[in-house]
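Colleague: I would like to learn how to read a model like this one. Please take me through it feature by feature.

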Amino acid sequence: MSNHEAVRPQCAEPPQDLTASPVAGRRLAAVALVLAALNLRPAVTSLGPVLEEVRSTLGMSATVAGLLTSLPEVCFALVGFAASRLARRYGTDGVIAVGAVALAAGLVARPFASGTLVFIALSAIALAGIAVTNVLLPVVVKQRFPDRVGAMTGVYSTALNVGACAAAAGTVPLARAFGARWEAGLGAWAVVAVAAVPAWLLLGRSRRASAVPMPGTVPAATSDGGSGVRITRSPTAWALAVFFGLQAGGAYVIIGWLPQMFRDAGLSAETAGLLFAVTSLLSVPLSYPLTTLAGRLRGQSGLAAGLALCGLAGFAGLWAAPAGAAWLWAVLLGLSNTAFPLALAMIGMRGQDGATVTRLSAFAQSTGYLISIPVPILVGALYQHSGGWRTPLTLMAVLMVLQLVAGLVAGRDRRIG
């Protein structure tokens with residue numbers, strides 16, 4: 001089919017839906033992108049603050065609770081591998097629409113779980129919806145905004161961090177507002193999830209809308225099978241996977257263990273909480289300018305290496321004098337955590353087209369999450385057996401050096417496909 005034949009239906013037919021007009025389609029995609037990103041973490045970060053109450057109500061053992069806290073990484077890794085195949089068959093927007101429905105359904109039903117197994121199953125359904133969305137949002141950016149990959153990655157990364165922080169901080173107050181019921185605190189985030197469903201149903205209701213590119217965009221994942229390049233044979237793809245996995249592992253160590261590190265150094269629980277808040281919140285204002293800058297550069301090796309050096313300095317400072325300059329270490333580790341939006345931006349930039357980005361995103365994120373799973377577990381085991389933090393922090397310093405090397409390779413000006 002010629003190029004004239006390919007675009008004739010758009011010229012001959014009046015717009016039938018909101019995605020038929022290029023401008024309207026991009027606006028709807030931008031709104032849907034932000035709504036999806038807001039929902040990528042509340043299912044996870046809302047649980048920790050009320051986990052004790054959930055365990056008490058459901059009779060959940062500590063071992064099962066530990067399994068529950070590791071469930072997100074497992075789902076992100078295993079379900080993420082299927083995302084690219086589903087997108088090729090059903091269209092990127094359509095798969096995200098189904099993921100949004102699964103997420104909303106899981107969050108709506110989870111507070112009404114009658115037992116531990118049901119609660120875990122509903123959590124897994126919600127996390128499966130998040131997993132496919134995790135993988136495919138970089139693809140949406142590449143397809144809908146190929147000229148603004150860095151900036152739009154920054155937009156949805158900022159929304160992701162806002163959702164994560166809001167759920168972590170707001171779940172307990174919401175529960176108290178409804179009679180100290182954890183069910184209300186968790187269930188409130190289902191409202192945000194439900195709000196994202198209509199926009200994605202509009203974008204995903206027609207496979208043809210995804211298969212026929214709008215002017216100024218690249219073909220959707222359903223338009224072809226990609227370049228034929230095997231992702232697993234690309235050094236850049238493996239570097240992205242390792243970079244993504246090591247930054248995720250470091251982030252989970254910071255989330256799970258940083259407050260305890262400060263408390264063991266003699267700081268109060270309140271101060272440790274404030275320091276952790278600083279580390280967590282830095283990603284909100286920094287994600288957008290960082291990824292916008294990354295999009296303007298031909299290569300991102302310098303940015304990736306700089307963030308790894310911040311993490312290395314932060315962990316080294318905790319090793320040498322954890323209480324001596326605690327605020328500096330917290331800021332450095334917060335800067336290091338912005339490697340996450342940078343990794344997402346690089347995934348979008350390294351793929352030549354939408355189909356390749358779909359496969360690359362699935363590979364890098366799923367493989368990366370598999371790499372990240374043992375990191376916080378190993379840190380906890382080393383802490384328990386050594387009786388202190390110097391051995392675990394030495395491990396983290398070594399991993400940061402490996403992340404730096406992976407970032408240098410992943411950030412080179414290369415295109416897969």
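Colleague: How many helices and strands are there in the chain?

Modeller: Helices (H or I, at least four residues) and strands (E, at least two) are DSSP runs, numbered from the N terminus. The chain has 19 helices and zero strands. This is a predicted model: local features need pLDDT of at least 70, side-chain atom pairs count only at pLDDT 80 or more, and totals for chains, interfaces and linings use all residues. Residues are numbered from 1 along each chain as its sequence is written, and side-chain values use heavy atoms, with hydrogens and water left out.

Colleague: Is M400 buried or exposed?

Modeller: Buried means under 20% relative accessible area, exposed over 50%, partly exposed in between (1.4 Å probe, protein chains only). M400 lies in helix α19 (residues 390-410) and is buried, because its relative accessible area is 4%.

Colleague: With which residues is M400 in contact, leaving aside its neighbours within four places in sequence?

Modeller: Contact means heavy atoms within 4.5 Å. M400 is in contact with A308, G311, L312, F315 and S336, neighbours within four places in sequence left aside. F315 is 85 residues from M400 in sequence, and their C-alpha atoms are 8.9 Å apart.

Colleague: What lines the largest pocket?

Modeller: Rolling a probe the size of a water molecule over the atoms shows where empty space is left. A pocket is an open set of points on a 1 Å grid over the protein atoms alone, where a 1.4 Å probe fits, with protein on both sides within 12 Å along at least five of seven lines; lining residues have an atom within 4 Å of a point. Here 48 residues line the largest pocket, and V44, T45, Y252, I255 and F276 lie nearest its centre. Helix α11 gives the most to this lining, with eleven residues.
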